[in-house]
Amino acid sequence: MDPVLLLSALLLLAFGLLGVGVAEPSLLPGHLLRVGLALLALALGFLLSPRALLRHGRALLFLSLALLALVLWLGDGPGGVRRWFYLGAFAFQPSELAKVALVFYLASFVGRKGHDYPILGAAVLAAATAGLVLVQPDFATALFLLTLSGLLFVLAGVPWRRLVTVSLAGLLALAPFSGYYLARFSYVSERFASFLDYLQGEADPAQGAYQVVQAQKAILLGGPLGQGPGGALPHLPEAHNDMVFAGVVFATGWLGGGMVLFLYLLLFARGMALALRLRGPESLVALGLTLYLTLQAALNIGVAVGFLPVTGVPLPLVSYGGSSLLVSGLAVGVLLRLAKEVGR
């Protein structure tokens with residue numbers, strides 16, 4: 001057991017309660033329930049054997065692929081997207097599970113085949129996972145899955161020439177469909193165009209840049225020590241989810257925002273140290289889960305402070321939403337189990 005890692009995760013969950021509470025007080029009871037489920041998922045991840053999960057890595061990925069295909073048929077969501085299964089009051093997003101499933105599959109693949117084995121089959125499955133997410137449509141999550149897969153291949157020691165060859169082949173295969181995709185899902189190009197306008201100081205705050213401008217306003221109003229959980233947050237769309245970092249800073253100040261960044265840095269450092277102490281596919285699991293949690297956090301916070309275009313990627317352990325909290329809690333639980341086993 002790694003007490004620093006556990007404490008970091010628990011404090012991030014606590015900051016999430018503050019952020020959601022100041023953004024949407026009516027959602028706080030539901031978020032408390034989701035935090036409780038995330039803690040159960042953390043306990044489950046700690047109880048499960050990492051070796052058993054690695055043995056069933058391919059089956060876990062195939063389950064994720066089946067759910068991603070099924071959600072395109074039976075799923076629902078706002079604005080015509082198909083990303084969630086609605087199970088009463090609870091909504092499940094298969095793309096969140098796919099992030100962890102992909103880590104275990106790629107780690108088990110490298111463990112079975114070695115880093116010098118041809119990676120075409122594994123790359124095709126990773127691309128298929130990202131492709132099913134892409135047509136939901138969820139461009140940011142699909143790109144995140146591809147980036148995570150590429151990083152895991154690199155860290156596993158797969159030769160650069162092989163990675164570049166497979167990547168170029170994939171780009172050439174997708175290039176003819178890019179125009180249709182951007183025309184069919186125009187929000188992708190609109191977000192990038194709005195972000196470029198924002199960087200050049202030409203964006204209309206009432207349109208594409210509104211969310212970013214309001215998030216920055218909330219961060220500035222937070223000041224050094226924050227407005228407290230009872231403060232009146234400026235109108236900010238998705239303040240409880242995609243922009244929850246702005247709500248946290250508004251409530252706890254720049255000091256609280258710095259604490260959140262420090263907690264993710266601690267999580268990254270402990271996860272990397274754990275990976276260095278492990279050997280074989282378990283080391284790659286620790287790397288992958290650590291990158292999933294911290295890289296996604298960097299993307300979310302980068303959006304909130306205006307460094308990146310709006311992506312819709314949640315902040316792990318902090319944002320409102322059952323699927324993200326469950327999967328990130330599970331990931332932390334697996335890391336804690338790996339830390340316990342390496343300490344024996």
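Helices (H or I, at least four residues) and strands (E, at least two) are DSSP runs, numbered from the N terminus.

**Figure 1. Overall fold of the predicted model.** The protein has 13 helices and two strands. This is a predicted model in which local features need pLDDT of at least 70 and side-chain atom pairs count only at pLDDT 80 or more, whereas totals for chains, interfaces and linings use all residues. Residues are numbered from 1 along each chain as its sequence is written, and side-chain values use heavy atoms, with hydrogens and water left out. The radius of gyration of the protein is 20 Å, which agrees with the value near 20 Å for a compact globule of 344 residues; this radius is taken over C-alpha atoms, and the globule rule is 2.2 Å times the number of residues to the power 0.38. The C-alpha trace spans about 55 × 50 × 40 Å along its principal axes. Of the 344 residues, 50% are buried (buried means under 20% relative accessible area, exposed over 50%, and partly exposed in between, with a 1.4 Å probe and protein chains only). Among contacts with a separation of 6 or more, 72% join residues 24 or more positions apart, contact being defined as heavy atoms within 4.5 Å.

Figure 2. One aromatic pair is present in the structure. The ring centres of Y105 and F109 lie 6.2 Å apart with their planes at 40°, so the pair is tilted. Rings of Phe, Tyr and Trp (its six-membered ring) pair if their centres lie within 6.5 Å; planes under 30 degrees apart count as stacked, over 60 as edge-to-face and the rest as tilted. Both residues belong to helix α5 (residues 94-113), four residues apart, or about one turn of the helix. Y105 is buried at 4% relative accessibility, and F109 is buried at 6%.

**Figure 3. L28 in helix α2.** L28 is located in helix α2 (residues 28-47) and is partly exposed, at 28% relative accessibility. Neighbours within four places in sequence aside, L28 contacts L17, V20 and G21. The C-alpha atoms of L28 and L17, 11 residues apart along the chain, are separated by 7.0 Å.

**Figure 4. The loop between α10 and α11.** D242 is in the loop between α10 (210-222) and α11 (244-277), and is buried with a relative accessible area of 15%. E238 is not a glycine, yet has a positive phi of about 60°; its relative accessible area of 35% makes E238 partly exposed.

**Figure 5. L317 in the loop between α12 and α13.** L317 occupies the loop between α12 (281-304) and α13 (322-342). Its phi is near 70°, a positive value in a residue other than glycine. L317 is buried, with 2% relative accessible area.

**Figure 6. The cis peptide bond at P137.** The bond from Q136 to P137 is cis, with omega near 0°. P137 is situated in the loop between α6 (120-134) and α7 (139-155).
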